[in-house]
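This report describes a single protein model from its overall make-up to its individual side-chain pairs. Please consult the sequence and the structure shown below alongside the text.

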Amino acid sequence: MTSSTFAPPIKSHSNSSITTATQGSSLADILERVLDKGIVIAGDISVAIASTELLHIRIRLLIASVDKAREIGINWWESDPYLNSQSQALLTENKELSQRLQSLEAELKALKSLTQSSAIESHDTSPNNEKHSQKPNNSLLKS
């Protein structure tokens, strides 16, 4: 930025002049200065009833350019998957994997029930194990 930070002095009827920092500055100039230097807004909010604190909120807000944030060691947006350009691909892959998992779980459940039902049928029709047979034993009734 090549413009000076102080506006030219205000002319008045007397010989004295007043210099202000924001006079003559456009919104773009002010925004550029804020982003270049950075600004921190901090505050605490407490909600209490009869000297009993119910809620306490600490607010910390940093407004700065990306370059200034990197300079002071803040770069969390670079690893955030929702802000990353690959996030859509990751979300699509995650959805496909979830569908595959559900399909495999359904197949596993069907195989388990099929295995259990075939084991029960083979157990019931076994010729050596008559007490599990569904047919009544007529030889015991005749004697």
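## Range of contacts and basis of the model

In the protein, 17% of the contacts with a separation of 6 or more are between residues 24 or more positions apart; a contact means heavy atoms within 4.5 Å. The model is predicted: local features need pLDDT of at least 70 and side-chain atom pairs count only at pLDDT 80 or more, whereas totals for chains, interfaces and linings use all residues. Residues are numbered from 1 along each chain as its sequence is written, and side-chain values use heavy atoms, with hydrogens and water left out.

## Confidence

The predictor's confidence in each residue is given as pLDDT, from 0 to 100. Its mean over the protein is 75, and 68% of the residues reach 70 or more. Among the elements, β2 has the highest mean pLDDT (89) and helix α4 (residues 138–142) the lowest (50). Over residues 1–7 pLDDT stays under 50, and the model has 10 contacts beyond four places in sequence for this stretch.

## Secondary structure and exposure

The protein contains four helices and two strands, arranged from the N terminus as α-β-β-α-α-α. These elements are DSSP runs numbered from the N terminus: helices are H or I with at least four residues, and strands are E with at least two.

Of the 143 residues, 2% count as buried. Buried means under 20% relative accessible area, exposed over 50%, and partly exposed in between (1.4 Å probe, protein chains only). The protein exposes about 12800 Å², of which carbon and sulfur atoms supply 58%; accessible areas come from the Shrake-Rupley method with a 1.4 Å probe, and for residues only the protein chains shown count as cover.

## The hairpin

Strands β1 and β2 run antiparallel and are joined by 11 bridges; two strands pair if DSSP finds at least two bridges between them. They form a hairpin with two residues between them, and A50 in the turn has a positive phi of about 50°. S46 stands opposite H56 in β2.

L61 is located in strand β2 and is partly exposed, at a relative accessible area of 41%. Apart from neighbours within four places in sequence, L61 is in contact with I39, V40 and I41.

## Nonpolar surface patch

I45, V47, I49, L54, L55, I57 and I59 form a nonpolar patch on the surface, with about 590 Å² of accessible area together. The elements giving two or more residues to this patch are β1 (39–49) and β2 (52–63), and β2 supplies the largest share, four residues. Patches are made of residues with over 30% relative accessible area and no salt bridge, like charges being joined within 9 Å and nonpolar side chains (Val, Leu, Ile, Met, Phe, Trp, Tyr) within 5 Å. I49, in strand β1, is exposed with a relative accessible area of 56%.

## Salt bridges

A salt bridge is a side-chain nitrogen of Lys or Arg within 4 Å of a carboxyl oxygen of Asp or Glu; by this rule the count comes to three. The side chains of R58 and D44 meet in one of them (3.8 Å, N to O). This pair links R58 in strand β2 with D44 in strand β1, 14 residues apart. D44 also forms a salt bridge with R60, with the closest N and O atoms 3.5 Å apart. D44 lies in β1 and R60 in β2, so this pair ties together parts 16 residues apart in sequence.

E71 forms a salt bridge with K68, the closest N and O atoms lying 3.4 Å apart. These two residues are separated by about one helical turn, because they are three residues apart in helix α2 (residues 66–71). E71 is exposed at 60% relative accessibility, whereas K68 is partly exposed at 21%.
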